[in-house]
Amino acid sequence: MIIDSHIVEEYLAGGPTGRFRDEWCFGGGHPPYAEPEGSERERVREVYRQVLDCAGDFSPVNRAAWDLMFPEWREQTAGVELLLIVGYPEPYDAVSTKDPQGGEAIILDMLRWTAYLGHIKEAAGNILTHELTHSLISLRAPEVVEDGEHGEYFSRLDALAFNEGFAHLLSFRGMELDKVDWSQYGEVRDRSREKLRAALECGEQSEQERLIYEGTAGGYFDKFLCMAGMFYLEEIWAREGIEGLEREFARGHSGFAKRCAGCE
């Protein structure tokens, strides 16, 4: 990863970070600038130090799946920009996006990351794996990102469930897939599928926009598009291993939401 930390460095030096409010990471659909609290500098300094250590020695959670699905991930992630900042409002701690030149970028807010002090390594493994999975999906299957952002409603459901499903699964809890007790999440699985079925039956445009937002934002287990995608893929992994995940990825995102909801 290419690390750019000029914003957080300015904050740690006591400088006026407000002069960065017009930089690309605070506009164009990204969270707006919010003045960071100066009293948190020492905690931010410690977070920043630990995140730099993790980024410099990064290895993804569930690396075997990455090796199979994204065999060039080392070269591809080497070109991803990691922008370390302060200035996002809560709850924006991590954003996967494109830089102004169209390159893959991840933005981490070091002030928001003070919530993870005490387990930064685990949080970094989780979040970097999650956000870099999005970047790798964008490189392997750019049509997924295009449909997720600009497609019609049902294409967006397919693309978002696919993109978020893979990213959530491969990074879940910062743990290897075979170390997770998936049986304890049955209620979340059933609830997310039920909400996805309702979303697939919705024909009202204003309601569709609400459902897209609700399915991908808010509390972790409340994001029904993300959860339905993740649990569908987990069941494939349980039956067929990581080879099954690769086959499902190669199958593509068309019709994915219906598969997740059990409608196919």
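Which side chain meets Arg156 in a salt bridge?

Reply: Glu209 does: the side chains of Arg156 and Glu209 meet in a salt bridge, 3.8 Å from N to O. A salt bridge here is a side-chain nitrogen of Lys or Arg within 4 Å of a carboxyl oxygen of Asp or Glu.

First, the ground rules. This is a predicted model, in which local features need pLDDT of at least 70, side-chain atom pairs count only at pLDDT 80 or more, and totals for chains, interfaces and linings use all residues. Residues are numbered from 1 along each chain as its sequence is written, and side-chain values use heavy atoms, with hydrogens and water left out.

Back to the pair. Arg156 lies in helix 7 and Glu209 in helix 9 (residues 205-216), so the bridge ties together parts that are 53 residues apart in sequence. Helices are DSSP runs of H or I, at least four residues, numbered from the N terminus. Arg156 is buried, with a relative accessible area of 17%. Glu209 is partly exposed at 46%. Buried means under 20% relative accessible area, exposed over 50%, and partly exposed in between, with a 1.4 Å probe and protein chains only.

By this rule the structure holds 22 salt bridges. Glu248 takes part in a bridge with Arg251, at 3.7 Å from N to O. Arg251 and Glu248 are three residues apart in helix 10 (residues 224-251), so about one helical turn separates them. Glu248 also bridges to Arg259, with the closest N and O atoms 2.9 Å apart. Glu248 lies in helix 10 and Arg259 in helix 11 (residues 256-261), so this pair ties together parts that are eleven residues apart in sequence. Glu248 is buried at 5%. Arg259 is buried at 8%. Elsewhere, salt bridges link Arg189, Arg193, Glu234 and Glu235 in a network.

Phe172 and Tyr185 form an edge-to-face aromatic pair, 5.4 Å centre to centre, with 90 degrees between the planes. Rings of Phe, Tyr and Trp (its six-membered ring) pair if their centres lie within 6.5 Å; planes under 30 degrees apart count as stacked, over 60 as edge-to-face and the rest as tilted. Phe172 and Tyr185 both lie in the loop between helix 7 (153-171) and helix 8 (186-200), so the pair ties together parts that are 13 residues apart in sequence.

How values were computed: Helix = DSSP H or I, 4+ residues; strand = E, 2+ residues; numbered from the N terminus.
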